[in-house]
Every structure is written in C-alpha cells, then in structure tokens.
Amino acid sequence: MFDFLIDGFGVALTPLNLGLAFLGALLGTLFGALPGIGPINGIAILMPLAYTLGLPAESSLILLAAVYTGAEYGGRMSSILLNVPGDAGAVMTTLDGYPLAQQGLAGPALGLSAVSSFVGATIAIIGLTLFAPLLANVAVMFGPAEFFALMIFAFSSMSVMMGKDPIKTAIGAVLGVLIGTVGIDSGSGVLRYTLGMPELYDGIDFVVMIIGLFAISEILLMLENSHSTDNDGELPPLGRVFVSLKEVLVCKGAIIRSGLIGFIIGVLPGTGASVAGAVSYTTEKRLSDKDNTFGTGDMRGLAAPESANNAAAVGSFVPMLTLGIPGSGTTAVLLGALMLYNITPGPMMFTERPEVAGGLIASLYIGNIVLLMLNLPLAGVFARVLTIPRWVLVPAIAILAFVGVYQLHSDLFAIYLMLVIGVFGYLLRKLGFSLAPVILGYVLGGLMEQNLRRALSISGGDVGILWQSGISLGLWVAAVLLLVLPWLVPKLLAGRKLSAG
Amino acid sequence: MKIAADRVLGIALIGLAAFIAVQAVQLEMPFSYEPVGPKAFPVGLSILLTILSLVMIFRPGPNGQWPHKALALKLLLVLVLLLAFAVLFTQLGFIVSSLLVVTALARLFDATWGKALLTGVLMSVIGYFLFTTALGISLPSGYWFDTFI
C-alpha cells in the first residue's frame, strides 16, 4: 500500500531533488520572513524561474513545495520580532509571540515556534501519507457530476471560512472564474471575451495572472505600508538562542492538539493556514488558559497557532493531490504549476504519475527535517532578513516579476497584462477582498465548467445527473448546510434565548 | 465614504455582469456536439455576480483605508515607472532599463541617491548575468545596443 512512498523516497533522495528541497526550504524561509512576501508571492516569483530551469515536473514541484512549507516557517519571524505578520497564516502568532520578544525571550520564542512547526507539519505529513491514497481510491469513482458537486462544495466552504466578508469572498471567486473563461472555449472552439486581441486567444496565462495579482499589487501596497511602520531596522534582542526541553514539554499538549486541528482544517477545501491558526488558538485558550496568560506571552499561545498553520499548509495538499481541488490559495498556485507540466492532479496521479505524488510526499518529510535543522540554529541569521530595506526589496520584486513574465513568450503584451492585473489586484485588496478566492476561482473555474458540460453531455442535457449519485447529493447537501448554518445557528440560539427570557 | 466605495463597486460589477451576459448570448457557434455549449456557464456566472453585487449594495462591508493625495501621487509614479520599464525593456535592453527603473524605484522608497544608484547598478548587472548565464533566460540586450555590438 505504501509502495508509492518507498518509490517516492527513491525520487526525493536523488542528489538533485535533495538539493532542491534544501534550496527551497532556505528560499522559502527567507521569503516567508520578508514582510509582505508570503508563500504565494514566493512561489509566484519562483515558479517561472523553476520552469525555465527545465526541471522535470516532480523536481520543480519538490522545489515549490519546499518553498511553501519553508514560508510557513519564515512567516513567524516578523510576527514574533516586529508584531507584523509575514502572511495571513502568521496573524495569530503575533498574539503571544510579540509579548515574548518584548520580555527578552525572542530567541526561545523562535526556537519554540520552529519545534511546534516541525511537530505540526510532521503530524500532517503522516496524515497525508495515510489518507491521500485512501481518498484517491474513493475519488477514482468520481465522475464529472461528482467533481462538479465537489467544486460547488469547495466554493461554499471557501466563502464561509476564508476572509471576513463571505459576500466579497464569493464575488472574488466569481471574478476569478470569469477571468478563467477568457480565451478559446475548449468544448466548441468559440472565442470568449478576447476583445479581438489575438494574444488572449490562449487565455490569460497562469504565470501572468499570479505575478500580476500578487507581486505587482504587493509592490503598490508596500508603498503605503512603508509609511505606517517605522520599526524598519530595529530588532528586539534575541536573548538566549535555544528553547529548553522543559519549555517545549509544557506546550506538548497544545502542539499535538493544534497539529491535528490544523491538518483537518487544511484538508477541507478552501480553508488554509489562517483559519487553522485562529481555530487552534481559540481552542487552546479555552482548554488550557487557566490563569488568563494567553495574549501576554504564553508559550502555549505561540506553539498552538504555529503547529496548526504548518499542519494546515501540509493538509491542504490532500485535496490538491487526490481530488485536484486545492485546499488554499497557495496550493491553487501549485496546482497551476503542475498544469504547466501537463499534469492534472487528481485521483489518477497516484497510479499514473506515482513519482510526482510519492516524490512530493517523501520530499515533505525531508524538507521538514531540513527546515528544523536550518531554523533552530540560524534563527538569528534569518532574523537579519527583516532589516532588508524596502528600497532593495521592491526593485528586486519588480525585476523578478518582469523577467519571469517576459521569458514566457518574449513579448511585451504579457507584461502589460501583468500590470493591468496588478492594478486590479491592488484595487480588490483596498476594497477589502482577499486574493486567494480569486486565484482559486481562476484555477478551478475551467475544471468546473468542463465537468458540468461533460456531465450534461452524458445525460443528454438532463440536469438531474448533477445530484443523482449518493456522493454528489451528499456534497450538495454539505455545501448548502455550510452556507446556511453560520447564518441560521445564531438566529436559532437567539430565538431560544428570547423564549427562555 | 467607506460604504459608498462598496456601493459603487457593486454597481460596476452589475455592469460587468451585464456585459458578460450580452457577450455570451451573442456568441455564434457554427455547430455544437453538446447540450450546454459555451454560453450557459458565463450567463450563469453573470446572474450569480449580479445577485452577490446586489447583496453588497444593500449590505456593504468594511474597506481598507484609501491613500491620501501625496501617497496616491506616489502610487501613480510607481505605476508609471513600471509602465516605463515595460516600454524600455526591449528598447534599451535589460541592463539599461532596469538600471534606470531600479534607481528610480529605490529613490521613491526613500533611499538616498547614492544607495539608489548602487542598488541599480548591482541589480541590473548581477541580475543580467544571473538570468542569462545561470538560468539560461534570453533577455533583450536592446535594439539600441545591437547596432553597436
């Protein structure tokens, strides 16, 4: 049953892939540490460069996955030291991490977060190894109707879980899907929304989309933030560098529970590290905060979200690898990267391309150990990254973005398009939208339409096929419940209170 | 003020939805093998977008802070610089265009002239050799220089 993993280690342990996992872990930690450049940006910037290296699919996926998990590690740096979360997943880390740093315990706090991240990720990687093949076996039975229902479920769970405003999350996803419809329609050969521009016949290129949406909009946002934070260049003293075993053991309950919570939340499509961090923190606060020390520099309050957000990052590989449905914005980007290599992730990947699925999972084990080894002793070195001034960072992002997009077709149209998408992304962010639903919609939209049309072709136009099977009906019901319950439950509770009062 | 932004956006999105629906209905298919065709999906999306936009118009959510005037001007400058980068990229070649743009960008992000110039020189030259020799990407050397070389 675990043949794929043994083969996977065979793939991951080749010198090239081992080196890439190491390089990815290093770059990921750096990208995660830089405020504003989270995992998505890191992968968006590196993906086109990885593609030009001519690496085989599994190697470049190993590189990008290592960047992803590394960025989750790096995100804690600015949270703990500067009270500025490096990405959405690290928001909860600031609550107890920053007070610890102010008490002169920044070093132990960084060490503890590295250990928690390691344990959380390990729990999730084991979960991935156990559940992914099982889920893939179930998913093999999915037809187009089931996939369509699954995507409806993914979008509804995303609307509820991701971002503060469900309506804006849903609008963002719809906009993403619409952007995905530009180009020649594969079913009929008709041109859609190309506005008469031949450059758009092939649709909006994935690389152009993510670099514009994330990197360019980030450059514009950084201009504003550079005036709101004045703590550039000043880091609190790290104190002693290592965390003691005793401190880790105090947190062991929090770390393990949060790892499990994080994994489960990561597996749900559409919910990522940020939700996992928040849920685990509130759970742990309820369970073990007897003296009201959470929020004032409690080690458990730091360990819980760190364990959970790494577990969720790994957990979101489960739906991506087995169903082809990304669990988060970042895995949506990874999914797009696979599509560049003409690999469609999904249940067949474990049988048809075991070297990709197995190699990736095996490399996660290796990358995780590399990350712990890098992060424990080198926390002080990585912390220096925070002092890189924006006037170096911003031009560097600009150059990487331009070169990454230019090398696709060596034409300028893609660059102009990237800038337009960047302004669009900036406006969305200013209007309170999060970008992850947009990219998820963009990646999933095409698949969704294909599956819908395929299902209706099979049934000869009868819509009933969409909820005929037990699996698809169950998914529809789950999707509707997810949308209705958060709205209904508080009303019911309020009603009961009223009648009781 | 904040609430108004969401309402304006909602109206703009309904306009977009209408455009999408009209375009989709006007699509002409020479022949069709399948019952759904390329029209239904965009039309469905535009209906969904309209409903969601209506909800947002009636129940607007929180917005980010909009930049004040001086910052808006700087934002525009950054955009102009990026646009200039795109225009000059093939004209002047990678090294010269990125030297100019990186220096200007660094200045905009509060670097001193000396530091900005140093960043520009280092990034454009090291970047060029890194991308072309190490990564094998072909970058424009510039029409302007081609005549000399």
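Are D298(A) and R300(A) buried or exposed? D298(A) is buried, and R300(A) is buried too. The legends below walk through this predicted model one close-up at a time.

**View 1. A buried salt bridge in chain A, between D298(A) and R300(A).** Here the closest N and O atoms of D298(A) and R300(A) sit 3.0 Å apart, and the two residues form a salt bridge. As a reminder of the background, side chains of opposite charge can pair when their charged atoms come close.

**View 2. E218(A) and R429(A) join distant parts of chain A.** Their side chains meet in a salt bridge, with 2.8 Å from N to O. E218(A) has a relative accessible area of 6%, so it is buried. R429(A) counts as partly exposed because its relative accessibility is 25%. Elsewhere in chain A, a network of salt bridges links D185(A), R192(A), E449(A) and R453(A). Over all chains, the structure holds 10 salt bridges.

**View 3. D110(B) and K74(B) pair up within chain B.** This salt bridge spans 3.7 Å from N to O. D110(B) lies in the loop between α4 and α5 of chain B and K74(B) in helix α3 of chain B, 36 residues apart. With a relative accessible area of 52%, D110(B) is exposed. K74(B), in turn, counts as buried because its relative accessibility is 19% and the limit for buried is under 20%.

**View 4. P395(A) touches residues of both chains.** You will find P395(A) in helix α18 (residues 390–409) of chain A. Its relative accessibility is 0%, so P395(A) counts as buried. Setting aside neighbours within four places in sequence, P395(A) is in contact with R390(A) and, from chain B, with V102(B), L105(B), A106(B) and M123(B). Its C-alpha atom is separated by 8.7 Å from that of I219(A), 176 residues away along the chain.

**View 5. Chain B meets chain A.** The contact takes 63 residues from chain B and 61 residues from chain A. Together the chains bury about 5,400 Å², 82% of it on carbon and sulfur atoms. On the chain B side, F41(B), L82(B) and F109(B) lose the most area to chain A, together 14% of what that side buries. Across this interface there is 1 salt bridge: the side chains of D6(B) and K168(A) meet at 3.0 Å, N to O. The count of residue pairs in polar contact between the chains is 3. Among the elements of chain B that touch chain A, α3(B) gives the most, with 12 residues.

**View 6. The largest nonpolar core, with F317(A) and M418(A).** This core has 196 residues, and F317(A) and M418(A) have the most contacts inside it. It draws at least three residues from each of domain 1 (2–58) and domain 2 (69–146) of chain B. Leaving aside neighbours within four places in sequence, M418(A) is in contact with V208(A), I211(A), G212(A), I216(A), A401(A), F402(A) and V405(A). A second, separate core of 5 residues includes V275(A), A276(A), A308(A) and A312(A).

Technical notes: Residues are numbered from 1 along each chain as its sequence is written. Chains are lettered from A and ligands numbered from 1 in the order in which they are written. This is a predicted model: local features need pLDDT of at least 70, side-chain atom pairs count only at pLDDT 80 or more; totals for chains, interfaces and linings use all residues. Side-chain values use heavy atoms; hydrogens and water are left out. Helices (H or I, at least four residues) and strands (E, at least two) are DSSP runs, numbered from the N terminus. Buried means under 20% relative accessible area, exposed over 50%, partly exposed in between (1.4 Å probe, protein chains only). Contact means heavy atoms within 4.5 Å. A nonpolar core is a set of buried Ala, Val, Leu, Ile, Met, Phe, Trp, Tyr and Cys residues joined through side-chain atoms within 4.5 Å. Domain bounds come from an automatic or database domain assignment. Buried area is the accessible area (1.4 Å probe) that two parts lose on being put together, summed over both. A salt bridge is a side-chain nitrogen of Lys or Arg within 4 Å of a carboxyl oxygen of Asp or Glu. A polar contact is a pair of N or O atoms within 3.5 Å; within protein, one must be able to donate a hydrogen and the other to accept it, and residues adjacent in sequence count only if both atoms are side-chain atoms.
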